[in-house]
Amino acid sequence: MSSAKILEVVNPFDREQIGEVPLVSWDSIDAFLTQASRLHANRKNWLPTHQRAAILRKAGQLMQDRFEDLAFQIANEGGKPIVDARVEVTRAIDGVGLCISEMGALAGKQIPMDLTEAGAGRIAFTQREPIGPVVAISAFNHPLNLIVHQVAPAVATGCPVLVKPADDTPLSCKAFTDILYEAGLPEEWCRFVPCDIPTAEKMATDPRVAFFTFIGSGKVGWTLRSKLAPGTRCALEHGGAAPVIIDDTADIQTMIPSLVKGGFYHSGQVCVSVQRIFAPNDLADDIAHHIADAASKLMVGNAIHEDTDAGPLIRPPEVARVASWIDEAKDAGTKVITGGEKLSETTYAPTVLLRPPHEAKVSQQEIFGPVVCVYDYDTIEAAIQQANALPFAFQASVFSKSMGIAMRAVEELDATAVMVNDHTAFRVDWMPFAGRKQSGYGTGGIGYTMHDMTQDKLAIINL
């Protein structure tokens, strides 16, 4: 960030500048919040449902027209390999379409009133109304799709929204907000507000904010939640240390590609990335070596290149942090099956660790890097107990041909979603997506977010 209040954007692989955006001052944000409050307060200002749907439909068309440009931008500023960036654009376009289809589901219901004598002779029904001004603070790892998940539901429900992108990836956010304007959304309904941290905190905790949506660090998210103004609702999405349980009936050859994808997708910079794999004593070594064999063949490089499988970490200090955690594990006797070394200031080799100590950082905290840990267990009870031992709980998975074992894992794993014979990072954008314990608050997913951004109003008619 320069003294001229400009945020410089770099390619995280070679650190070359690729763009810049001006930071927005508190004075401007203060005016935006006042305008957003006035827009919501006067029903005459509200955009009708059909107009909001038309805007989103046009936005989706514009995104499709600019598909390759959006994908390149994701790879260039965020370090996600271009092949995966294209998948993200597809999801983002589908997410906009999902907002349109979910608009029809925002319906109230009739409330029976004659269940007691006191309510007899009355008709009652509810309807959903926009909650009010939304502030969205987003993360870098899905710089377009996360913005769609936070901003498009606000547009769909009729809430004015101010969105602060991650400092590392503001260009994809700006591209989406510009597309919304081009599609016909008046700018006062969606403000692009990159800003410094103190300004972002002041914005999120302002009493004019009705709903706060945050994706990022648990430490930051929980701190902001503690400072929200009375009445502000919120949704927080943080990280985890996703566990995978494998039993002795699992098809090892079939599951290896899934575990490699789940562990090394976006170089592990995903909140539900495969991190901790628990396997029976007699299988753990073989499984670790199978994963390592595949991981060692991943091409690490600049995400904008077609042959890159694993891109850089978002910033050099993240590479140094991952390296220090692995060095700690190695010093404690952990066996490194593959990787375990910095390739450059911005990249770390895809790494598989076997039996790291349970007290090591790689076992206790979210790595958010290209690292998978394999542990062995004596009993399925012990595996489940270890999987549930951390203060984080998000998504988990189990690989087994036994329906009994699979259902036991579904019932006993502390997770909001348990995948059976699939990796922990699986997601479609209409499913509930949420963290438990320190991993988050509220439920994400397009329809769930739209529900959170609206509120019930009850009408009771005395006949």
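Student: Which residues does Ser397 touch, not counting residues up to four places away in sequence?

Tutor: In this predicted model, Ser397 touches Pro243, Val244, Ile245, Leu413, Val418, Met419, Asp422, His423 and Thr424, not counting residues up to four places away in sequence. Ser397 itself is found in strand S16, residues 395-399.

Student: Why is Ser397 called buried?

Tutor: The term buried applies under 20% relative accessible area. Ser397 has a relative accessible area of 0%, and is therefore called buried.

Student: What makes the pair formed by the side chain of Ser397 and the backbone oxygen of Asp422 a polar contact?

Tutor: A polar contact requires N or O atoms within 3.5 Å, one able to donate a hydrogen and the other to accept it. A polar atom of the Ser397 side chain lies 3.2 Å from the backbone oxygen of Asp422, so the pair meets the distance limit.

Student: How many cavities of 30 Å³ or more does the structure hold, and what volume has the largest cavity?

Tutor: The structure holds five such cavities, and the volume of the largest is about 190 Å³. Its lining consists of 21 residues, with Thr213, Ala235, Glu237, Gly444 and Thr449 nearest the centre. Two or more lining residues come from each of helix H5 (145-157), strand S8 (211-215) and strand S9 (233-237). The greatest share is that of S8, with four residues.

Student: Which classes of residue line the largest cavity?

Tutor: The lining of the largest cavity has 10 nonpolar, nine polar and two charged residues.

Student: Which residues lie closest to the centre of the second largest cavity?

Tutor: The second largest cavity has a volume of about 80 Å³. Among its 14 lining residues, Pro243, Ala387, Phe392, Ala393 and Asp414 are closest to the centre. Strand S10 (242-246), strand S15 (392-393) and S16 each give two or more residues to this lining. By class, the lining has 10 nonpolar, two polar and two charged residues.

Student: What makes S7 and S19 edge strands?

Tutor: Six strands form an open sheet in the order S7-S6-S5-S8-S9-S19, with mixed pairing. Strand S7 (190-192) and strand S19 (440-441) each pair on one side only, and they are the edge strands.

Student: How do you know that S5 and S6 pair?

Tutor: Pairing requires at least two bridges between two strands. Four bridges join S5 (residues 134-137) to S6 (residues 161-164), so the two strands pair. S5 and S6 run parallel, and Ala136 stands opposite Val163 in S6.

Note on methods
Residues are numbered from 1 along each chain as its sequence is written. This is a predicted model: local features need pLDDT of at least 70, side-chain atom pairs count only at pLDDT 80 or more; totals for chains, interfaces and linings use all residues. Side-chain values use heavy atoms; hydrogens and water are left out. Buried means under 20% relative accessible area, exposed over 50%, partly exposed in between (1.4 Å probe, protein chains only). Contact means heavy atoms within 4.5 Å. On a 1 Å grid over the protein atoms alone, a cavity is a set of points where a 1.4 Å probe fits but cannot get out, and a pocket is an open set with protein on both sides within 12 Å along at least five of seven lines; lining residues have an atom within 4 Å of a point. Grid points are joined across faces, edges and corners, and a volume is the space filled by probe spheres set on the points. Ala, Val, Leu, Ile, Met, Phe, Trp, Tyr, Cys and Pro count as nonpolar, Asp, Glu, Lys and Arg as charged, and the others, Gly among them, as polar.
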